[in-house]
Amino acid sequence: MMLEQSNVMIDVHLNTQDPAAIKEEIRAGLFSTPRTLPTKYLYDDQGSALFERICESPEYYQTRTEHALLKTVADEVIARTGTETLVELGSGAAIKTRVLLDAMARANHLRFYVPFDFSEGIVRRVARELVEEYDGLQVHGVVGDFLAHLEHLPDGGPRLVIFLGGTIGNMGPEDALAFLSSIHHEMDSGDCMLLGAQLITDVARMEAAYNDAAGLTAAFNKNMLAVVNSVIGAEFDPDAFAHVARFNHDERWIEISLRSIRAQVIPIPELELALHLQEGEDLLTEISCKYTRGQVERLLTEAGFSPVAWYSDPHQLHGLALAHKP
Ligand SMILES: C[S@@+](CC[C@H](N)C(=O)[O-])C[C@H]1O[C@@H](n2cnc3c(N)ncnc32)[C@H](O)[C@@H]1O
């Protein structure tokens, strides 16, 4: 734990990860069907910066929609939860978070903010920015993997845990349920959860969001190979892959992959192997599940939460579910 300045504290848990576990996770993904790479490696500092630009692209309707929706419901959410501690999982640049922090400040409820993200640079930047922007705010940042380090969430309640941006969609339904259950386990009775979920809409709109004309999503996707190269000393050549994003109608999720544009052999000395890929073979890097209100509320209930309210935009593109831990 490190005290950065009187109102900022940052805990870093990533460097405590077991190198053997990291290698095993990557190896297991590469030899699963389909071949996959862990989605979190999309988000090093470069990936996080690219994601911020994607959020501003004309095709990526999700961020604008959730931002506008939050503006209409933030005061009500804060009034209903009475929270003084906002905990955000996968906080990223915390742009939309400001809407909730503003509502907490208006209600004279703003005390603590806990950004939790895989990307250290962005947690530090957000902490610095927010203590400047909000008088009296204490920021306790956590740099970690929310699939592995949730037990490090700081106490102090009642807490409102938010998980925005449709990040829940990056997990399949079973993993999402396991994840929500683990959040529920770490929360105290009386804490609340605000969960963002992207709703099923027309396929052309959903696919365009991941195939922006400026090529930002393609660059974001390929950047993952540079991250994996640095994590396990692999020799992936990003130029030997094409970005592919399409809707899988059976699973009801967008699949984002890197497609090998030729037959190739990729040395991965730290795994003591060479990966053989055929021309046209895909490495799945991310899924983005699209939900219905019923599915989201079922997930929350099965994870142990009691749904409190459901909010969505007029075009039914995005939902926000408010729930509490009884
Ligand atoms: C889709 S972005 C959403 C960012 C922001 N919440 C928003 O709504 O714009 C996902 C965020 O979750 C973080 N993230 C992804 N996987 C993670 C993991 N396993 N542990 C911690 N953070 C993770 C990424 O670094 C990124 O900031």
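The side chains of D145 and K40 meet in a salt bridge, with 2.9 Å from N to O; the term denotes a side-chain nitrogen of Lys or Arg within 4 Å of a carboxyl oxygen of Asp or Glu. The model is predicted, so that local features need pLDDT of at least 70 and side-chain atom pairs count only at pLDDT 80 or more, whereas totals for chains, interfaces and linings use all residues. Residues are numbered from 1 along each chain as its sequence is written, and side-chain values use heavy atoms, with hydrogens and water left out.

The chain is divided into domain 1 (2-12 + 50-202 + 292-324) and domain 2 (19-46 + 203-289), with bounds taken from an automatic or database domain assignment. Their C-alpha centres lie 26 Å apart. In domain 1, 27 residues are in contact with 27 residues of domain 2, where contact means heavy atoms within 4.5 Å.

The size of an interface is often given as the accessible area lost when the parts come together. Domain 1 and domain 2 bury about 2,400 Å² between them, 58% of it on carbon and sulfur atoms; this is the accessible area (1.4 Å probe) that two parts lose on being put together, summed over both. L50, N170 and D202 supply 27% of the area that domain 1 buries against domain 2, more than any other three residues. Across this interface the rule finds 2 salt bridges.

The ligand is surrounded by 16 residues, each with a heavy atom within 4 Å of the molecule. The closest are G90, K96, D117, D145 and F146. The shell divides into 5 nonpolar, 6 polar and 5 charged residues. A backbone N or O atom of G90 lies 2.7 Å from a nitrogen atom of the ligand, and for F146 the corresponding distance is 2.8 Å. Taken alone, the ligand exposes 590 Å², of which the protein buries 93%, as computed by the Shrake-Rupley method with a 1.4 Å probe.

How values were computed: A polar contact is a pair of N or O atoms within 3.5 Å; within protein, one must be able to donate a hydrogen and the other to accept it, and residues adjacent in sequence count only if both atoms are side-chain atoms. Ala, Val, Leu, Ile, Met, Phe, Trp, Tyr, Cys and Pro count as nonpolar, Asp, Glu, Lys and Arg as charged, and the others, Gly among them, as polar.
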